[in-house]
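User: I would like a close look at one part of this protein. Please keep to what the coordinates show.

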Amino acid sequence: MRETQLHSILKDTFGHQEFRLEQLNIINSILDGRDTLAIMPTGGGKSMCFQVPALYLDGLTIVISPLISLMSDQVANLADNGVAACFLNSNQSSEERSQARARIASGEVKLVYVSPEGILSGGIATFLQNMKVSLIAIDEAHCVSQWGHEFRRDYTRLGELKDLFPDTPILALTATADEKTRVDITHQLRMT
């Protein structure tokens, strides 16, 4: 039953006939409530690993993304496929942020994109705690380990999400991570 629904979402919403690589295994791990680290090549379809579950699950999926341009592209692509998504970031006017928050609060939005800095500051996490959050996806998760403390310090703080959303599974996605980095990602994010 579950797999039939997942295939329907994949085909009807995104126009793909089959899951690729380990997508279905990753999605099933998330749907079983497990924290999951997904290492997939660039272009391997990492976004399907959180977009399909977002549509399958009740509630909201939070996507932590490092680049505002990437957030904009993903939200635009989702809109083209009829999926309600938005972002909360520093490039928005206060009116745009208010409109996005209203859409999220109404339950219209299935995916909300935020930066590592944004999720842990400015009251965004507090606001999202009042929603039913079904999944947290962290894109470019290698930044948690390799560059977090130098490149984007807030990546190293993302483990705090376990305190804010203790019952929500975390999906960490990256294209590159050796064994040491994988262990460090799961440790930094406090994944079980």
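At what angle do the axes of helix α1 and helix α2 cross? Please go on from there along the chain.

Analyst: The model is predicted. The axes of α1 (residues 2–14) and α2 (residues 23–31) cross at roughly 120° and come within 12 Å. An angle over 145 degrees would count as roughly antiparallel and one of 65 to 115 as roughly perpendicular, so α1 and α2 are oblique to each other. The crossing of α1 past α2 is right-handed. On the α1 side the contact uses R2, E3, L6 and H7, and these meet L24, I27, N28 and L31 of α2. Sorted by class, this contact of α1 with α2 holds four nonpolar, two polar and two charged residues.

Helix α2 also packs against α3 (residues 48–56), with axes that come within 9 Å and cross at roughly 45°. α2 and α3 are therefore oblique to each other, and α2 passes α3 in a right-handed crossing. From α2, the residues in this contact are Q23, I26, I27, I30 and L31; from α3 they are M48, C49, V52, P53 and Y56. Nine of the residues in the contact of α2 with α3 are nonpolar and one is polar, with no charged residue.

Strand β1 covers residues 36–39, and its side chains alternate. β1 runs parallel to strand β6 (residues 170–174), and four bridges join the two strands.

Key
Residues numbered from 1 in each chain as written. Predicted model: local features only at pLDDT ≥ 70, side-chain atom pairs only at ≥ 80, totals over all residues. Heavy atoms only, no water. Axes fitted to C-alpha atoms, helices over the stretch in contact; angles between N-to-C directions. Parallel < 35°, antiparallel > 145°, perpendicular 65-115°, else oblique. Left-handed = near helix turned anticlockwise from the far one by under 90°. Contact = heavy atoms within 4.5 Å. Nonpolar A, V, L, I, M, F, W, Y, C, P; charged D, E, K, R; others polar. Buried < 20%, exposed > 50% of the residue type's maximum accessible area, 1.4 Å probe, protein only. Pairing = 2+ DSSP bridges.
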